[in-house]
Amino acid sequence: MRFELFVAFRYLLALRRQAFISLISLFAVFGVCLGVASLIVVIGVMNGFTHDLREKILGVNAHVLITSFEQGIADYEELVDRAEEVDGVEGAMPFVYSEVMLSTPRGVKGLALRGVLPDRAGGVLGLAGYMKAGEIKDLGREDGPPGVVVGAELASRLGLHLGSRVNLLSPTGRKTSAGFTPKISVFQVVGVFDTGMYEYDSSLGYVAMDKAQDLLGFDGDLATGVEVRTSDPERAEAISEDLRERIGEFPLSVRSWAEMNANLFAALKLEKTAMFIILALIIVVGSFSIVTTLVMLVMKKTRDVAVLMSMGAGRSTVRRIFMLQGTIIGAVGTVAGYLVGLPVAWLLRRYQFIELPRNVYPVDYLPVRLEAFDLGVIGVAAFLLCFLATIYPARRAASLNPADALRYE
């Protein structure tokens, strides 16, 4: 063991006989521990919210959307083939989108209607993992009325279940010489999905693409756009750039899920950064306690420091002794913070005992997701703050004059 480290440990063990300084040291350890534990839990919750929200958004939306500024896309199959040739694209599917009215004997509700291809939807959308009843491929059945898949909140509000019949009204269903007249078609519920996001579960519905075209009165085989699924959602932005180069620009528009939800995820990132800074202040308070501890210890050990310097210890040696002592206190507090924060985060994720109102938040529980990078940043930040707190007391100790310190001893 190096001389400086040996002396630093001896000074720390000697604090047991100096109750006041020992108490301040405990406060320093407790402050660093509380700050690290709070950061682990809060940053884990923020990561959980971001990840869970992203998964729910991508469950009902594609990674990249190709749309047109004109009325519709006629040659959408050629566009699908060109999109699938781009490296990183796993699948593509045309879709139809419009807003209609859904009516039942129990009420009327506005519906964001998506027309999809039942045989391709599973390879492009992640909706299959959120199906509460029925399957998305049931939209392609031939017997009976055309099928519709609705959200769980909408089904609960209007008392819908598998086999229920609903009326879908399109305000532009028929084109006449006087303009457009509404068109009403009867559909049967063949599936119910539950993403956990109230916005989607209460106002989103899926039908087969040809049925949507007929309901909306499209003049020919047109699509609103093309949905694209990538191999990695994080690379969606780069893949969308490749798609733009392949399919051209105007009148087509290519947007990734990150671009379409940029404001939402930017706000979450800003909130995560703000929470990190605010909770890091707890560690700063703990580091101030380290400063107090070392300053008082320097005053208490003035004679010892002078004797060490008289025996040949250099100023750099004395400085390292006190820097190591403060660093050890910070390291103990940091490790204790991990020992407290990680189990708490695991319990929150495992048992989900904190419930949230579903009509307010996009999830009904407190999600937690721990990432190695964030855990590393928390540990480095805590350790660095504690190390910086040792610089001033250590320099003061190294600046002592042995002759002045021993003059009245």
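Author: What follows is a short chat about the fold, the core and the surface. This is a predicted model, in which local features need pLDDT of at least 70, side-chain atom pairs count only at pLDDT 80 or more, and totals for chains, interfaces and linings use all residues. Residues are numbered from 1 along each chain as its sequence is written, and side-chain values use heavy atoms, with hydrogens and water left out.

Reader: Thanks! How many helices and strands are there in the protein?
Author: The protein has 15 helices and 10 strands. Both are DSSP runs numbered from the N terminus, with at least four residues (H or I) for helices and at least two (E) for strands.

Reader: And what share of the residues is buried?
Author: Of the 409 residues, 48% are buried. Buried means under 20% relative accessible area, exposed over 50%, and partly exposed in between, using a 1.4 Å probe and protein chains only.

Reader: Which residues touch the most other members of the largest nonpolar core?
Author: Those are Leu-102, Val-150, Leu-168, Tyr-206 and Val-228, in a core of 67 residues. Strand β2 (residues 89–104) gives the largest share, 6 residues. A nonpolar core here is a set of buried Ala, Val, Leu, Ile, Met, Phe, Trp, Tyr and Cys residues joined through side-chain atoms within 4.5 Å.

Reader: Nice. Which way do β2 and β9 run, parallel or antiparallel?
Author: Antiparallel, with 6 bridges joining β2 to strand β9 (residues 225–230). Pro-94 stands opposite Val-226 in β9. Strands count as paired if DSSP finds at least two bridges between them.

Reader: What about β2 and β3?
Author: β2 pairs with strand β3 (residues 107–116) over 9 bridges, also in the antiparallel sense. The two form a hairpin with 2 residues between them, and Leu-102 has Lys-109 in β3 as its bridge partner.

Reader: Switching to the outside: which residues form the nonpolar patch on the surface?
Author: Trp-346, Leu-347, Tyr-351, Phe-353 and Ile-354 form that patch. Trp-346 lies in helix α12 (residues 315–351) and is partly exposed, with a relative accessible area of 43%.

Technical notes: Patches are made of residues with over 30% relative accessible area and no salt bridge: like charges are joined within 9 Å, nonpolar side chains (Val, Leu, Ile, Met, Phe, Trp, Tyr) within 5 Å. Accessible areas come from the Shrake-Rupley method with a 1.4 Å probe; for residues, only the protein chains shown count as cover. A salt bridge is a side-chain nitrogen of Lys or Arg within 4 Å of a carboxyl oxygen of Asp or Glu.
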